[in-house]
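Visitor: I have a model on screen and want to learn how to read it. Where do we start?

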Amino acid sequence: MRAHVDGTDGMTALRARGLTKRYGWNDSLVRAVDAIDLDVPPGQTLAIMGPSGCGKSTLLHLLGGLQRATSGELWVAGQRIDTMSERRLAKLRRHQIGLVFQSFHLMDELTAVENVEMAALLAGTAPRQARRRALHLLDQVGLADRAAHLPSELSGGQRQRVAIARALSNEPHLVLADEPTGNLDTAATLDVLRLFEEMRLAGQTLVVVTHDARIAAIADRVISMRDGAFADDSMFADSYAH
Ligand code: ADP
């Protein structure tokens, strides 16, 4: 039961061995992710950077169990997921993983707070607790006064912050984020950075694909990708400036 409670069973939050994703065949073959080995300990903030087309998004989709690898082995919170059934994988995602992806749209007919609490409700959190946490998260991303607004009444940057709050509502051990500050202004970016700091203090593991040097600056580790592989891997022992 302990393994379920802490979610990691004393293991790495993420472990990949020879993780590979290829698209196409023969002349059109693309090695989007090429035999990657990765260990992310619980609580680490890892930033992945690199030029467009180097495989960052594909890697993040593999790590979140949204796409299947061509080959290789992958563990999330100590559980092997590359051989897991879709049903078990969906359950693991619901309980353990928060996804901040641009392509995951908010539900138009739900207010901001309803969008945020939905993930927690689906994971079985009591409604009152889910609402309390959703309001706290909206406050954290600077949207306390927009809780009752529909997505259509929010700006693009505000919607993006609601999506980030939603990804955190089920208190996932692992958060995967693809360009979370992509179209945010400076004030909103600072809100997101503060939220990431809170996650880090809560011991959550964060893997974030970003071009934003401000996010890289708060990471424990920055990996540069080139052509589907890791080109450079920097660990910062105590990089976080308080
Ligand atoms: P990044 O996120 O770093 O921009 P991607 O992971 O989106 O990179 O893409 C990595 C490589 O895989 C690119 O060459 C891209 O063209 C290719 N790719 C991505 N998705 C597909 C797909 N569905 N079919 C074929 N090729 C793809």
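Guide: Start with confidence. pLDDT is the predictor's confidence in each residue, from 0 to 100. The protein here averages 88, and 92% of the residues score at least 70. This is a predicted model: local features need pLDDT of at least 70, side-chain atom pairs count only at pLDDT 80 or more, and totals for chains, interfaces and linings use all residues. Residues are numbered from 1 along each chain as its sequence is written, and side-chain values use heavy atoms, leaving out hydrogens and water.

Visitor: Where is confidence lowest, and where is it highest?

Guide: Helices (H or I, at least four residues) and strands (E, at least two) are DSSP runs, numbered from the N terminus. Helix α1 (residues 2–6) is lowest, with a mean of 41. Strand β1 (residues 14–23) is highest, at 97. Where pLDDT is low, the predicted coordinates should not be read in detail.

Visitor: Which residues are around the ligand?

Guide: A residue counts if one of its heavy atoms lies within 4 Å of the molecule. Among them are Tyr23, Val30, Lys56 and Thr58. Helix α2 (56–63) and strand β2 (30–40) each supply at least two residues of this shell. The largest share, three residues, comes from α2.
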